[in-house]
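Subject: A structure for you to look at

Hi there,

Here is the structure I promised to pass on to you. Have a look at it first, and then read my notes below.

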Amino acid sequence: MFGKVLIANRGEIALRVARACRELGIRTVAVYSTVDRDSAVVRYADEAIHIGPGPAKRSYLSMPAIIESALRTGADAIHPGYGFLSENSFFAEVCAANGIAFIGPPADVIARLGDKVAARQLMSQAGVPMLPGSLEPLSTVTEAKAVVDQIGLPVIIKAAAGGGGRGMSVVHDESEFARAYRDTRAAAQALFGDGRVYVERYLGRARHVEIQVLADGHGNVIQLGERDCSAQRRHQKLVEESPAPGLPEPLRTAMGEAAVRGARAAGYVGAGTFEFLVDPGTGGFSFMEVNCRIQVEHPVTEMVTGVDLVQEQIRVAAGERLRISQEDVQPRGAAVECRINVEDPDRGFAPAPGVLQEFVPAGGPFVRVDTHGFPGYKVPADYDSLLAKLVVWAPNREQALERMGRALEEFRISGPGVRTTAGFLGELISDPVFRRGEHSTSIVDDVLA
């Protein structure tokens, strides 16, 4: 097991990793930018090192600063959390070159699965169901148009190196395709330094369901059930839950088996998520992408399985075998997570940072709050707006939603200029369509706009 882990992240996930390490008896090093000097993880970790000013490119995305910090403090490993450098294959290579373990998949696996075209090719070969579309990058409008002629409209044009809901365009009308193709290529080049794109069938009212996997370096791969992440706004998840409501058991089983098959084909090691789209019309599912990191919504799975995914992730990176088998995974009850962001829903979800004068998390039985917030904390405008993840568990979905509604009302957050999405989330989970479990990725536009 590692003696010391450097956490190359900030916010709630940095604190989550630090807590997992403490329970494992591992010392921690927090890195922080100037604006995060007084953050919760800096106070909690055993050591803390300043790595630059506020902007991410000069702090949490600075590989030299992070590697130097790890070497200076004698860290055995680096946990990247999610976002930032968590799915950067070159960073994983740099860690290995400096004798530091990267708590995540091997660099070549990250590179293969991070390239959406390569991932589609690999999953297709592994027999994982795919949406109709191209398995090669499309270099010209003519090539792309030929794919559209074959699979029909609507389609979605995606960046091969894309992720996080960026670098994609939906096309419903043939007259819009050429412009959308050129715009997406330009955006992909600007965002990711890679202008390659591909095209696949677009499912406008699909459900977004993902499978959590764990794999070690000894050939053991298991899946820990599904999470429904269909409640989204502009491809950003708002509410996640497990189990997925109304998902037929044969479909649930098939998705889990497909994820394990895909993980084995990729040589996956660590915690990862296979994301699928479920077509309510046909009842089929199709591969979307693999996230080679711990997910924001991992607590949902932890609540229903009792498995600490972050600790397992660390153990596997240290070379240990998985401590659980597929037979040991026995999900119980229902869990729901709401992401509370510092945003103003009345102003198009514009960021609304400021000083938290009041910060009183919800409590009570089976309520979990993952947050880095505290009274007096100045929420910076430099980074992602996620402030807290409110997670509840109950014996069934209806009870879990009732508990979530109570917890959202109970959560007190205020300060000059500070607005959050808590009230909006309360409306969302109270909506009859959501309550019946009949929602899709278009619920916000359809019902709450």
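**What I found**

Lys-4 lies in strand S1 (residues 4-7); helices (H or I, at least four residues) and strands (E, at least two) are DSSP runs, numbered from the N terminus. Before going on, please note that this is a predicted model, where local features need pLDDT of at least 70, side-chain atom pairs count only at pLDDT 80 or more, and totals for chains, interfaces and linings use all residues. Residues are numbered from 1 along each chain as its sequence is written, and side-chain values use heavy atoms, with hydrogens and water left out.

Is Lys-4 buried or exposed? With 14% relative accessibility, Lys-4 counts as buried (buried means under 20% relative accessible area, exposed over 50%, partly exposed in between, with a 1.4 Å probe and protein chains only). A polar atom of the Lys-4 side chain lies 2.7 Å from the backbone oxygen of Thr-73. Not counting residues up to four places away in sequence, Lys-4 touches residues including Ile-26, Glu-47, Thr-73 and Asp-76 (contact means heavy atoms within 4.5 Å).

Now for the nonpolar cores. A nonpolar core is a set of buried Ala, Val, Leu, Ile, Met, Phe, Trp, Tyr and Cys residues joined through side-chain atoms within 4.5 Å. The largest one has 89 residues, and Ile-78, Leu-113 and Phe-276 touch the most other members. Helix H9 (residues 249-266) gives the most to this core, with seven residues. Apart from it lies another core, of 40 residues, including Phe-349 and Tyr-377.

Eight strands form an open sheet with antiparallel pairing, in the order S13-S12-S9-S10-S11-S14-S19-S18 (two strands pair if DSSP finds at least two bridges between them). S13 and strand S18 (367-371) stand at the edges with a single partner strand each, so one side of each is left without a neighbour in the sheet. Within the sheet, strand S9 (residues 207-215) and strand S12 (residues 270-278) pair over nine bridges, and Val-213 has Gly-272 in S12 as its bridge partner. H9 lies across S9, strand S10 (221-233), S12 and S13, and runs at about 130° to S12; axes are lines fitted to C-alpha atoms, for helices over the stretch in contact, and angles run from 0 to 180 degrees between N-to-C directions.

The loop between S9 and S10 holds Asn-220, which is partly exposed, with a relative accessible area of 30%. Asn-220 and Gln-326 are 106 residues apart in sequence and 9.5 Å apart in space, C-alpha to C-alpha.

Last, which residues of helix H10 (residues 298-305) are buried? They are His-298, Pro-299, Val-300, Thr-301, Glu-302, Val-304 and Thr-305. That is seven of the eight residues, so H10 is largely enclosed by the rest of the structure. H10 is followed by Gly-306, whose phi is positive, near 75°.

Conventions: Polar contact = N/O pair within 3.5 Å; in protein donor to acceptor, adjacent residues only side chain to side chain.
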